[in-house]
Amino acid sequence: MRNITMIIIHCSATRSDRPFPVTSLIACHRQRFGYTGYHYYITRNGQTHQTRHENLVGAHAKGYNTHSIGICYEGGLLPNGHPADTRTEAQKAALWHLIQSLLADYPQARILGHCELPGVTKTCPNFLASREYADLQPAA
Ligand SMILES: [Zn+2]
């Protein structure tokens with residue numbers, strides 16, 4: 001098993017009124033990286049798709065891939081293209097469950113959003129993941 005110190009949350013940066021199914025994500029990433037960069041993808045209906053084996057290093061957070069798991073939720077942009085937390089209740093519930101199950105395997109992992117990493121200028125995932133999951137964070 002890899003030594004996982006971070007669970008990093010992302011959004012697909014797609015508009016909440018335009019479906020971006022897992023098949024599209026896989027096709028898009030295959031072109032860019034040769035494989036899917038995230039380990040999990042959560043669609044608006046609350047379905048969790050495993051898109052990369054946890055033991056394989058992903059491609060989702062430059063400089064932090066080696067020791068992290070990447071989770072992406074579908075959305076992150078309003079219909080007008082502005083960044084926002086567009087998670088559905090089903091997505092929030094699925095994300096919570098997934099993080100809890102990952103913490104069972106990687107209890108030392110911190111949960112944070114992509115934008116909380118040093119040097120990241122994007123706003124992804126458009127909510128403050130470290131705060132939202134404060135109760136799940138490992139003791140410092
Ligand atoms: Zn991101």
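Arginine 52 is buried, with a relative accessible area of 16%; buried here means under 20% relative accessible area, exposed means over 50%, and partly exposed is in between, using a 1.4 Å probe and protein chains only. You'll find arginine 52 in the loop between S4 and S5. Its C-alpha atom is separated by 24 Å from that of proline 138, and the two are 86 residues apart along the chain. Strands (E, at least two residues) and helices (H or I, at least four) are DSSP runs, numbered from the N terminus.

Keep in mind that this is a predicted model: local features need pLDDT of at least 70, side-chain atom pairs count only at pLDDT 80 or more, and totals for chains, interfaces and linings use all residues. Residues are numbered from 1 along each chain as its sequence is written, and side-chain values use heavy atoms, with hydrogens and water left out.

**The sheet**

Five strands make up an open sheet with mixed pairing, in the order S4-S3-S5-S1-S7. At the edges sit strand S4 (48-50) and strand S7 (110-113), each pairing on one side only. Neighbouring strands are turned by 20° against each other on average, direction ignored; the axes are lines fitted to C-alpha atoms, for helices over the stretch in contact, with angles running from 0 to 180 degrees between N-to-C directions. Two strands count as paired if DSSP finds at least two bridges between them. In general, strands of a sheet pair through backbone hydrogen bonds, either parallel or antiparallel.

Here are the pairings, with an example of facing residues for each:

| Strands | Sense | Bridges | Example of facing residues |
|---|---|---|---|
| S1 and S5 | parallel | six | isoleucine 8 and glycine 70 |
| S3 and S5 | parallel | three | isoleucine 42 and tyrosine 73 |
| S3 and S4 | antiparallel | three | tyrosine 40 and glutamine 50 |
| S1 and S7 | parallel | four | isoleucine 8 and leucine 112 |

Tyrosine 73 also turns up as the bridge partner of cysteine 11.

What about burial in S5? Six of the six residues of strand S5 (residues 68-73) are buried, so the strand is largely enclosed by the rest of the structure. Ser68, Gly70 and Cys72 point one way, while Ile69, Ile71 and Tyr73 point the other. S1 is mostly covered too, with six of its six residues buried. On one side of S1 are Met6, Ile8 and His10, and on the other Ile7, Ile9 and Cys11.

**The zinc site**

Which protein atoms are the donors of the zinc ion? They are His10 (ND1), His114 (ND1) and Cys124 (SG), lying 2.1 to 2.3 Å from the ion. Donors are N, O and S atoms within 2.8 Å of the metal (3.2 Å for Na, K and Ca), and water is not among the atoms, so sites may look incomplete. Along the chain the donors follow the spacing H-x103-H-x9-C. Distant parts of the chain are linked here: histidine 10 belongs to strand S1, whereas cysteine 124 is in the loop between S7 and helix H3 (129-132), 114 residues apart. Both histidine 10 and cysteine 124 are buried.

Most residues other than glycine have a negative phi, and most peptide bonds are trans. Against that background, a cis peptide bond joins cysteine 124 and proline 125, with omega about 10°. Proline 125 lies in the loop between S7 and H3, and asparagine 126 has its place in the loop between S7 and H3 as well. Asparagine 126 has a positive phi, near 70°, and counts as buried at 17% relative accessibility. Alanine 13, in the loop between S1 and strand S2 (14-15), has a positive phi of about 55° although it is not a glycine. At 45% relative accessibility, alanine 13 counts as partly exposed.

**The largest pocket**

The largest pocket has a volume of about 470 Å³. A pocket is an open set of points on a 1 Å grid over the protein atoms alone, where a 1.4 Å probe fits, with protein on both sides within 12 Å along at least five of seven lines; lining residues have an atom within 4 Å of a point. Of the 29 lining residues, the closest to the pocket's centre are Arg32, Tyr38, His60, His114 and Lys122. The zinc donors also include His114. H1 gives the most to the lining, with five residues.

Note on methods: Grid points are joined across faces, edges and corners, and a volume is the space filled by probe spheres set on the points.
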